[in-house]
Amino acid sequence: MTTTVTPAPTSAPQTIKTRPAGEKRAKEQRLQKIGVSVALVIGSLFAGFPVFWMLSSSFKANSEIFQFPPRIITENFSFDAYTTILGDPVKVRFFVNSYVVSLSVTALTLIVAIFAAYGFSRYEFRGKRALSMIIVTVQAVPPITLLIPFFGLMVTLKLYNTYQGLILTYMVFTLPYAIIMLTGYFNTLPKELDEAVKVDGAGALTALWRILVPIAIPGIVSVGIYTFMIAWNEYLFALTLTRTDDMRTVPIGIQLLMGQHSYEWNEMMAMSILGCIPVLILFLFFQRYFIGGLTAGSVKS
């Protein structure tokens, strides 16, 4: 008797649906972009709302600023605060002083820093390391610790309550940063550039101003903007080293609007907005150079 063994029926192959790795990765990237976008929006609102509130308050009456519930946008839109400031020669003088001091500090700092950075970058000389340490040390010293010595020095040199006193004082704090940044930027430029110019018979100054400076424009612009911001916003030394209103700067002018019995809040906001405009214009026009200069200057020192 023959028995026939029939094979057990095999189950049909099951297809397992798996999501492609590329699709999963794309979904993760979309989620990351959404998260970054949300974080940027929240950060922008957090940083921008005080500026918007300051701008809105500058168009309000002084009595309306602390009204409850507060109004973000006033119904009684007015330019009175701006006309009061721009129509007062004393307050206009604050802006003139700030422009004179800040532009002078920026120009002189860049000129001195370019020569110093070129020397540190291209030459070896005795005391180079010691000078570098001194520059870094001055940059690390808190400015407030030098307030009293500077006051005594300016009085002794008869530079108290003068443009020259403010300019020299500010340069003490702007030069170290400018030299460090520009030295790092010049170090990223190959020495063959200025050596080729010298082979053709030109001197070091020609190599510096004809070759290196045009190439280093992003670094120079970034240092210039930073220097201008320091000089424009400086308050402590401007308050200590000046005595009369014809020498005060914008930060001091804003503080003078705080009276003994009342504060002119709308005028303070208006003057703050007017004080922000120069720095804002610099960033709008030179943003590309500013970011590129900071990045390149920090690569190699």
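Predicted model: local features only at pLDDT ≥ 70, side-chain atom pairs only at ≥ 80, totals over all residues.
## Overall make-up

Let us start with the whole chain. The protein is built from twelve helices and has zero strands. Read from the N terminus, its elements run α-α-α-α-α-α-α-α-α-α-α-α.

Of the 301 residues in the protein, 36% are buried. Contacts across the sequence are also worth a look: among those with a separation of 6 or more, 73% are between residues 24 or more positions apart.

## Helix H3 against helix H9

Helix H3 covers residues 89-122 and helix H9 covers residues 217-233. The two pack with their axes 9 Å apart, at an angle of about 140 degrees. That angle makes H3 oblique to H9, since only angles over 145 degrees would count as roughly antiparallel. The crossing of H3 and H9 is right-handed.

By class, the residues of the contact of H3 with H9 comprise ten nonpolar, six polar and no charged.

## Helix H8 against helix H9

H9 also packs with helix H8, which spans residues 204-215. Here the axes are 5 Å apart and the angle is about 70 degrees. H8 and H9 are therefore roughly perpendicular to each other, as angles of 65 to 115 degrees fall in that class.

On the H8 side the contact is made by Val213, Pro214 and Ile215, and on the H9 side by Ile217, Pro218 and Ile220. The contact of H8 with H9 has six nonpolar residues, with no polar and no charged ones.

## Aromatic pairs

The structure holds 14 aromatic pairs. One of them joins Phe59 and Phe79, whose ring centres are 5.3 Å apart and whose planes are at 80 degrees, an edge-to-face arrangement. Both residues lie in the loop between helix H1 (21-57) and helix H2 (80-86), so the pair ties together parts that are 20 residues apart in sequence. Phe59 counts as buried because its relative accessibility is 13%, and the cut-off for buried is under 20%. Phe59 and Phe79 also form one aromatic cluster with Tyr82.

A second example is Tyr118 with Tyr123: the ring centres are 5.8 Å apart and the planes are at 80 degrees, so this pair is edge-to-face as well. The two partners can be told apart by their accessibility. Tyr118 is buried at 6% relative accessibility, whereas Tyr123 is partly exposed, with a relative accessible area of 34%.

## Ser56 in helix H1

One more residue deserves a visit. Ser56 is found in helix H1. With a relative accessible area of 8%, Ser56 is buried. What is Ser56 in contact with, leaving aside its neighbours within four places in sequence? The answer is Arg71, Ile72 and Ile73.

Conventions
Residues numbered from 1 in each chain as written. Heavy atoms only, no water. Phe/Tyr/Trp six-rings, centres within 6.5 Å; stacked < 30°, edge-to-face > 60°. Helix = DSSP H or I, 4+ residues; strand = E, 2+ residues; numbered from the N terminus. Buried < 20%, exposed > 50% of the residue type's maximum accessible area, 1.4 Å probe, protein only. Contact = heavy atoms within 4.5 Å. Axes fitted to C-alpha atoms, helices over the stretch in contact; angles between N-to-C directions. Parallel < 35°, antiparallel > 145°, perpendicular 65-115°, else oblique. Left-handed = near helix turned anticlockwise from the far one by under 90°. Nonpolar A, V, L, I, M, F, W, Y, C, P; charged D, E, K, R; others polar.
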